[in-house]
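Please examine the sequence and the three-dimensional model below.

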Amino acid sequence: MNTTEQYKQNKHPLDVIDDVYDYAADELSFEEIEERAGGGEWERLKWAGMYAQKQEGYFMIRTKVPGGKLTPEQAEVIGQVTDDLAVAPEEYGGEAQNELWGDAYLDITTRQDIQKHWIRVEDVPEMWDRYDEVGLTTVQGCGDSARNVLGCPAAGLDEHECFNAQPVIEAVSDFFTNNREYANLPRKFKMTITGCKHDCAQSQINDIGLVPAKKEIDVSGEAGGSSDSSDGGKYLYGFHARVGGGLSDGPRMGSELDVFIPPEDAVEFCRAVAQTFKEIGDRNNRGVCRMRYLVEQLGPEKFEEAIRDRCTIDLPTGGENLTVGYQGDHVGVHDQKQDGLQYVGFNVVAGRMGGDEFAEAARAAKKYGSEDASVRLATDQNFLITHIPEENVDDLLAEPFAADYQPNPGAFSRGAVGCTGSEFCNYAIIETKKRTKRWARELDERIDVPDDIEAIRMHMSGCSASCAQPQIADIGFRGETVKLDEDSGSDIVEGMDFGLGGSLGADNEFLDWIENAVPADSVIPALEQLFDAYNDDRHDGEQFYEWCRRVDNGELRTIMQGAEAPVSGGVAHGD
């Protein structure tokens, strides 16, 4: 049994939540926490949604938002807590700590969570008390347990939705949160559930992905659920399942199972999958104990058998798949299926914004929206404000908070995603947030993107952990350090592996890593060269990722290397 697993067996990880109140009351330093708790507490604190920052004495805390859906009241509390408690201290620069976002900001993540930095342990109980008042939690925001359940941020709003899966998301989230039986799993466990045809909830790269389907049933309707007879027969709407998807090292697209899951059975299905992972997942080698390795090892058919053996209901075989593609974002002004209402998708480059701005967005949702107005977080690190009467949209867009987050960005800004980076993360090799925002804005000015291309997905991860999902991007980066040629006058600089051609959907494919250890200063010139070639060679309607797949990798590398920029000596971090 590995050391982390031993720590989890010595004390149930959820017990750490009570410990936090004691640490806070006594205002313990990191050193004192470790002395009192013994080994493993930094791991167990993850079950409270807390990661120790690289700046000792401060935590990053992750708030779970199932399906990304917040009431305006919840969103306002998140913004206010950020402004009050997630403040960079003077000894780390205060307001000057980050020249782009000041001293109190939050991050929208690719899992529809909210992350805040600079939280002291003595302030955590106050944050939790304020969260409790509006129904928010940080419990199991991190750790080897069920993470935040993803969903379509436009659930219940769009015409192309087969059915609204948000109630199912909330039921699954409620089952796993604070559930001691399923809180200590071999590794983290990621689920996504959607009734949307466009799979913006990314079922292909999650441990469980439930996507819309329908199945013909007999007149007794024995499986229950929502039914429809408009197309000549009696049909039940529910889910098909994909399992074993994931990124990081060893990326894998999820495998489809031959099962049909009525909405009311989704909790039991997800429980059975978790039970399977809990019983036969590898607890000895953390490097290979993600669920995708288990599915790969057993094969989808045997894995399905293992689920059926542990499921308390009979699972029908699969029906008709209703997914038609992948929609990466909801940026822009969109009509809702509710007459006279619209939702607005705001573009937040790299997902970071001020706590005061997020609170302002929440107050604007209340001011301009109907009684059902909400703030929704998206997997591309953007957010939506919903249920806005058409006549109020212009006033909403004129609000001060919206000045930097307008719903009509350039293609690079629209597709930019960045992880936490070396600013706070102990694993990251390079800075990402500021670089992603600056590069996106600069590229929008310098590169001509065809008018029919709405977004160029450029994802930057500070290390190989894939928090920014680079493998599914048009352009993906993962951080490296680079040793330059001696003649360059420099030695070691920040750089990155450079990948091209990733996508999800019907034409899903992970990108190819075209070039390793590229100095950061070389990237924008290389992209200019690539887009010059793309514009010259593009077929009608061809997306950038499609062109990257059509062109030989060696030729792409030659195009990139034609740019005038610092030259890598080819020595990457860890080589």
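The questions and answers that follow treat these topics in turn.

This is a predicted model, in which local features need pLDDT of at least 70, side-chain atom pairs count only at pLDDT 80 or more, and totals for chains, interfaces and linings use all residues. Residues are numbered from 1 along each chain as its sequence is written, and side-chain values use heavy atoms, with hydrogens and water left out.

Q: Which strands are the edge strands of the open five-stranded sheet?
A: Strands here are DSSP runs of E of at least two residues, numbered from the N terminus, and two strands pair if DSSP finds at least two bridges between them. The sheet has the order β3-β15-β16-β13-β12, with antiparallel pairing. Pairing on one side only marks the edge strands, β3 (69-70) and β12 (332-335).

Q: Which element gives the most residues to the lining of the second largest pocket?
A: A pocket is an open set of points on a 1 Å grid over the protein atoms alone, with protein on both sides within 12 Å along at least five of seven lines; lining residues have an atom within 4 Å of a point. Of the 25 lining residues, those closest to the centre are K69, L70, T71, Q74 and E170. Two or more residues come from each of β3, α5 (72-85), α7 (166-176) and α11 (355-368), where helices are DSSP runs of H or I of at least four residues. With four residues, the element that gives the most is α7.

Q: How many disulfides does a search of the whole structure find?
A: A disulfide is a pair of cysteine sulfur atoms within 2.5 Å. The sulfur of C270 is 9.8 Å from the closest cysteine sulfur, in C311, and is therefore too far for a bond. The sulfur of C289 is likewise too far, at 16 Å from the closest one, in C467. The number of disulfides found is zero.

Q: How far apart are the end C-alpha atoms of helix α15?
A: The expected span of a helix is 1.5 Å times one less than its number of residues. Helix α15 (residues 520-537) has 18 residues, so it should span 26 Å. The end C-alpha atoms agree with this, being apart by 26 Å.

Q: Is C270 buried or exposed?
A: Buried means under 20% relative accessible area and exposed over 50%, with partly exposed in between (1.4 Å probe, protein chains only). Because the relative accessible area of C270 is 0%, this residue is buried.

Notes: On a 1 Å grid over the protein atoms alone, a cavity is a set of points where a 1.4 Å probe fits but cannot get out, and a pocket is an open set with protein on both sides within 12 Å along at least five of seven lines; lining residues have an atom within 4 Å of a point.
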